[in-house]
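Welcome, and thanks for taking a look at this one with us. Here is a short briefing to read alongside the coordinates, grouped by topic.

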Amino acid sequence: MQSLVDVAEELRSAGCVFAEEEAAILRDAALSDRELTTLIERRCAGEPLEYVVGWAEFHGMRIAVGPGVFIPRRRTEFLADQAIAVTPDAAVVIDMCCGSGAIGAAIAKARPTAHVYAVDIDPRATACARRNLARAAASVYVGDLFAPLPAMLRGQVNVVVANVPYVPCGEIGLLPAEARDYEPIGTLDGGPDGLRIAARVVDAARGWLHPDGHVLFEVSERQAETASAILASTGFRPRIAEDEELGATVAIGSR
């Protein structure tokens with residue numbers, strides 16, 4: 001099997017910034033020389049590393065991902081942490097626009113007595129979420145936002161956490177090629193201001209949250225003021241949390 005040095009050199013020549021780290025991951029994932037060659041070719045062609053190996057690292061876990069499913073970003077660990085902080089024991093949590101279910105899995109790991117309801121409109125995403133939440137107290141639904149959830153949850157939900165698409169549609173073309181060429185546009189495009197779906201989640205969440213509940217979603221730093229206004233206009237007490245190291249901004253609304 002090719003040495004790590006040789007693999008890293010191939011990746012570096014193809015423009016991979018973290019060539020050494022990726023070389024180690026690819027070599028560990030391959031079961032044969034032939035498979036390693038295939039994995040290297042896929043990565044050098046620009047396919048995201050997470051699709052090539054079938055998983056992404058998130059919150060200390062390996063989260064299964066596959067083509068057509070949004071890849072969880074490290075900065076979103078901050079959103080998971082903020083959700084965990086407001087999640088009591090035995091809570092009811094909705095992981096909205098769940099994608100691979102990474103946030104729900106992180107919450108379930110930290111709050112094992114909570115029940116996570118994960119929802120996404122894309123069945124490819126929910127198939128991944130079922131794998132990642134298989135060992136948790138969790139239920140996974142396919143549908144548009146809150147529509148597929150059991151009506152019995154109305155007024156009983158402690159936390160709604162949503163990693164909604166928040167890239168303004170006019171800025172999709174500015175994203176790295178790995179994102180815009182491989183990940184579904186629907187997982188990135190948040191409408192003209194990037195907050196179209198977030199506003200829908202916040203508005204609908206009012207009918208599902210417990211009187212002491214919280215709604216949280218990730219935004220960019222420059223969207224924070226507008227996100228606060230959306231929360232305030234729908235009766236929530238807004239708060240913005242930031243992590244400079246991760247470059248993460250989270251909008252939090254409390255009842």
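## Strands, rings and a buried glutamine

Strand S3 (residues 92–96) and strand S4 (residues 115–120) run parallel and are joined by five bridges. Please keep in mind that this is a predicted model.

- Within S4, tyrosine 117 is the bridge partner of isoleucine 94.
- On the S6 side, methionine 96 has alanine 162 as its bridge partner.

**How covered is S3?**

- S3 is mostly covered, with five of its five residues buried.
- In a regular strand, side chains alternate between the two faces of the sheet.
- Both faces of S3 are covered: Val92, Ile94 and Met96 are buried on one side, and Val93 and Asp95 are buried on the other.

**Aromatic pairs**

- How many aromatic pairs does a search of the whole structure find? The search finds two.
- Tyrosine 117 and tyrosine 141 have ring centres 6.4 Å apart and planes at 20 degrees, so this pair is stacked.
- Because tyrosine 117 lies in strand S4 and tyrosine 141 in strand S5 (residues 138–142), the pair ties together parts that are 24 residues apart in sequence.
- Tyrosine 117 is buried, at a relative accessible area of 10%, whereas tyrosine 141 is partly exposed, at 23%.
- Phenylalanine 146 and tryptophan 208 form a stacked pair as well, at 5.6 Å centre to centre and with 20 degrees between the planes.
- Phenylalanine 146 sits in the loop between S5 and S6, and tryptophan 208 in the loop between helix H9 (196–205) and strand S7 (209–219), so this pair ties together parts 62 residues apart in sequence.
- Are phenylalanine 146 and tryptophan 208 buried or exposed? Both are buried.

**Two more side chains to look at**

- Arginine 62 lies over the face of tryptophan 55, at 3.9 Å from the ring centre.
- Glutamine 82 belongs to helix H5 (residues 76–85).
- With a relative accessible area of 15%, glutamine 82 falls under the 20% cut-off and therefore counts as buried.
- Which residues is glutamine 82 in contact with, leaving aside its neighbours within four places in sequence? They are Leu216, Arg239, Ala241, Val250 and Ile252.

Definitions and conventions. Residues are numbered from 1 along each chain as its sequence is written. This is a predicted model: local features need pLDDT of at least 70, side-chain atom pairs count only at pLDDT 80 or more; totals for chains, interfaces and linings use all residues. Side-chain values use heavy atoms; hydrogens and water are left out. Helices (H or I, at least four residues) and strands (E, at least two) are DSSP runs, numbered from the N terminus. Buried means under 20% relative accessible area, exposed over 50%, partly exposed in between (1.4 Å probe, protein chains only). Contact means heavy atoms within 4.5 Å. Two strands pair if DSSP finds at least two bridges between them. Rings of Phe, Tyr and Trp (its six-membered ring) pair if their centres lie within 6.5 Å; planes under 30 degrees apart count as stacked, over 60 as edge-to-face and the rest as tilted. A charge sits over a ring if NZ of Lys or CZ of Arg is within 6 Å of the ring centre and within 35 degrees of the ring normal.
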